[in-house]
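Dear colleague,

Please find below the structure that I am handing over to you.

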Amino acid sequence: MALNIAILLSGFGSNFQAIQDKIESGALDASICLVASNKPDARGLERARAAGLATWAEPHQNYPDRVAFDAALGDALEAAGAELIVLAGYMRLLSKDFLERFKGRVINIHPALLPSFPGVHGAADAVAYGVKISGITVHFVEEIMDSGPVIIQAAVPCIPGEAADALQARIHKQEHRIYPQAIQ
């Protein structure tokens with residue numbers, strides 16, 4: 001039986017699309033029960049709607065605080081039957097209450113080989129530091145950002161003199177390969 005997954009995104013949705021493509025091809029035994037966002041104008045939501053998937057979009061600014069927003073999001077995820085919550089470019093930290101509610105069922109993808117270079121600038125930090133190998137990590141989400149147990153990693157060589165955006169683009173291609181693997 002296919003795993004019911006919910007995707008949380010805040011932007012373009014290319015990782016969502018890669019996951020959806022693997023499901024449609026039969027390479028990933030999952031079903032997307034909901035695509036949710038804190039940004040109603042996120043391009044990823046348009047992609048989800050075009051695929052006929054259920055969506056939920058609420059601006060987090062409409063809520064008094066992070067806990068209230070996360071409670072509403074959690075209610076939508078439970079109503080949709082989500083068994084696994086997949087962060088795919090979701091650019092908000094999740095509250096402790098949310099993570100306790102879905103303990104062990106929230107995963108994220110990060111553009112670096114954790115524990116190196118946590119935070120939003122993984123590729124730029126790798127280039128600035130001068131590492132020879134960077135990569136991607138899929139991990140379980142815990143309260144401390146980019147600190148949860150690793151599920152899978154992929155290495156991406158750093159090319160001397162390469163700009164951070166070029167490394168990020170090569171990392172992003174590998175994200176589309178390993179995120180569906182981690183879900184499977």
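The model is predicted, so local features need pLDDT of at least 70 and side-chain atom pairs count only at pLDDT 80 or more, while totals for chains, interfaces and linings use all residues. Residues are numbered from 1 along each chain as its sequence is written, and side-chain values use heavy atoms, with hydrogens and water left out.

An open sheet of 7 strands runs in the order β3-β2-β1-β4-β5-β6-β7, with mixed pairing. Strands (E, at least two residues) are DSSP runs numbered from the N terminus, and two of them pair if DSSP finds at least two bridges between them. The edge strands, β3 (55–57) and β7 (150–157), each pair on one side only. Within the sheet, β1 (residues 3–9) and β2 (residues 30–37) pair in the parallel sense over 7 bridges. Leu8 stands opposite Ala36 in β2.

There are 4 aromatic pairs in the structure. Rings of Phe, Tyr and Trp (its six-membered ring) pair if their centres lie within 6.5 Å; planes under 30 degrees apart count as stacked, over 60 as edge-to-face and the rest as tilted. The Phe98 and Phe102 pair is tilted, because the ring centres are 4.8 Å apart and the planes lie at 45°. Phe98 is buried (under 20% relative accessible area, with exposed over 50% and partly exposed in between; 1.4 Å probe, protein chains only), at 2%. Phe102 is also buried, at 1%. Trp56, Tyr63 and Phe69 form one aromatic cluster.

Yours sincerely

Conventions: Helix = DSSP H or I, 4+ residues; strand = E, 2+ residues; numbered from the N terminus.
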